[in-house]
Amino acid sequence: MAKSVPVAAPRPFEHAQGQPATATVRALFAAMVVAATALVVALAVAGTETWTPWTIASLALLVPVTAWIAGGAATALLGVMLPPAPVTKLPFGWRPSSRTAILIMVCGETPAPVAARAAALRRALDRLGLHGSVRISVLSDTSGKDAVRAERRAFAPLMEAGLLRYRRRLRNTGRKPGNIAEWLETRGRGYDFMLVMDADSRMSAGRIARLIHLMEQTPGLGLLQAGIAQTGTDTRFARSQRLAARLMGPSFVAGLAAWSGRTSNYWGHNALIRVRAFHDAAAYLPVLPGAAPMGGPVLSHDVVEAAFLRRAGWAVAFDPDTAGSAEEPPATLEEFHRRDRRWCQGNLQHLRLLTAPGLHPLSRAHMAAGVLGYAVAPLWLALLLLAATGHAPVTSVWPAVAVAVLLLTPKACGLWRLHRRGHPRRNRLLWRAALAELCVSALIAPLVMLRQTLAIGAVGLGRDCGWKTRGRVRALPAGWLEAVTGAALAALVFAIDPEALAWMMPVLGPLLIAPWLVRWLARPVVTA
């Protein structure tokens, strides 16, 4: 492919009609984060009676923890404060002048549902008149004779009917990025854009058409990430994740799109990508020197690919609308932990790429935020233990109140956004659902904090999580690791300060009941 010469991206990503300039929004975002962090720290300092090295350590921990929480709150606030971005509408009779490949990436998933969704999407695309301009290809890295045989049986009728192409690699070199890179070399020259989808992705034909139209109208745009809703599995855990995404997702993504502008991020799927730009700038990522977990292929490759595209001069933007774009959440908390462990390792690898030459400062900020997102867990746990054991003698409750307000702000923003659009009966149901989600998320949060702390410890000890490991034997049944750890922490707090146990129970309680909680969350939702 010829070397690309990117041009500046025109509207709507930087100066859309009725939208503040990106620089102004970024300044407002930064001011909100700094102000909120400074307020919490000031309240903590004002409530500190005795200064010791432990007190100073607790305040040092409080700064990054609060900044991370304040960043989420500020993003959500921007999402409801700013006027909504214009929704792309297709001109009457529009047909693409480009060619687009929809790449469905599979690796061991149950093939029948993927095949059914691909066939339905093909029919919907044809009804929109996109038969000649949009092709569907399934790119497989599935291994194992039985799994491969089942996959071929599922896709064979669709191939024979000309609905899609199916290609399985014999060698899984480079994992998902390697699969896409191989397709770029063998098939990519015939396409202008590629839409990357995972096996559990959902996208409507209309949404795909709008993305293509927007990409055609924006010559300097290298990647357009669609907002993503959640759908699918009906376990209690999945239902809670879907409700949280519906409640907080739209306002958060709108705010994120506003302050990130042309230097946004990539989530690895449900994104339309300019083939020429990606091939030249991001298709071949560096292999980090040394062994895993900090060396080897980059697991969280999507953030790096977005950074490399931006470095080459291409815009990377969010289309925050979640209509017609979705994915399946993990069905159980255990599945969530396995995926989160892989993401933790991948994000920590970004520490070695923060100083890569030529990156846009905001691309570095995205990487740093991903690292901090996991580092907050052990920092938060250490801060709680310091406070519970009397080593952080803050007598005022106001810092805790301020942090709680920041934690609840994204939920409040999402609730306000939905409330102002609904009618009274629907709003009553919405408030009940939001309260239920808040209760479930409060129970889950200590479990996630503990697992993320252990994940960072495992990476620090050199333990590689592997890739899509399944069926791994656990040392303890589900939830018992959390229960044992919770009992040990409770004994430690009781031995030092028995009175501190009472206010530590919102953290210790969910850990102690984790075996029951994990099973309860994994059960299907029973509807009348």
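Trp520 has a relative accessibility of 24%, so this residue counts as partly exposed. That value comes from a predicted model, as do the others I will give.

How are the rings of Trp516 and Trp520 arranged, stacked or edge-to-face? Their centres are 5.9 Å apart and their planes make 20 degrees; planes under 30 degrees apart count as stacked, so this pair is stacked.

Now the aromatic pairs in general. The model has six aromatic pairs by the rule used here. One of them joins Trp267 and Phe318, with 5.0 Å from centre to centre and 50 degrees between the planes, which is a tilted arrangement. Where do these two residues lie? Trp267 is in the loop between α7 (236-260) and β8 (271-274), while Phe318 belongs to strand β9, residues 315-319. The pair therefore ties together parts that are 51 residues apart in sequence. On accessibility, Trp267 is partly exposed at 30%, and Phe318 is buried at 4%.

The charged end of Arg311 sits over the ring of Phe308, at 4.2 Å from the ring centre.

Next, a helix pair. Two packed helices are described by the angle between their axes and the distance between the axes. For helix α3, residues 111-127, and helix α4, residues 145-160, the angle is about 15 degrees and the axes are 9 Å apart. Angles under 35 degrees count as roughly parallel, so α3 and α4 are roughly parallel to each other. Their crossing is right-handed. Which residues meet there? From α3 they are Pro111, Ala112, Val114, Ala115 and Ala119. From α4 they are Ala150, Glu151, Ala154, Phe155 and Leu158.

Is Met194 buried or exposed? Its relative accessibility is 0%, so Met194 counts as buried. What is in contact with Met194, leaving aside neighbours within four places in sequence? The contacts include Ala101, Leu103, Ile180, Trp183 and Leu184. Ala271, Leu272, Ile273, Val275 and Phe278 are also among them. Met194 and Ile102 are 92 residues apart in sequence, yet their C-alpha atoms are 5.7 Å apart in space.

Technical notes:
Residues numbered from 1 in each chain as written. Predicted model: local features only at pLDDT ≥ 70, side-chain atom pairs only at ≥ 80, totals over all residues. Heavy atoms only, no water. Phe/Tyr/Trp six-rings, centres within 6.5 Å; stacked < 30°, edge-to-face > 60°. Helix = DSSP H or I, 4+ residues; strand = E, 2+ residues; numbered from the N terminus. Buried < 20%, exposed > 50% of the residue type's maximum accessible area, 1.4 Å probe, protein only. Lys NZ or Arg CZ within 6 Å of the ring centre and 35° of its normal. Axes fitted to C-alpha atoms, helices over the stretch in contact; angles between N-to-C directions. Parallel < 35°, antiparallel > 145°, perpendicular 65-115°, else oblique. Left-handed = near helix turned anticlockwise from the far one by under 90°. Contact = heavy atoms within 4.5 Å.
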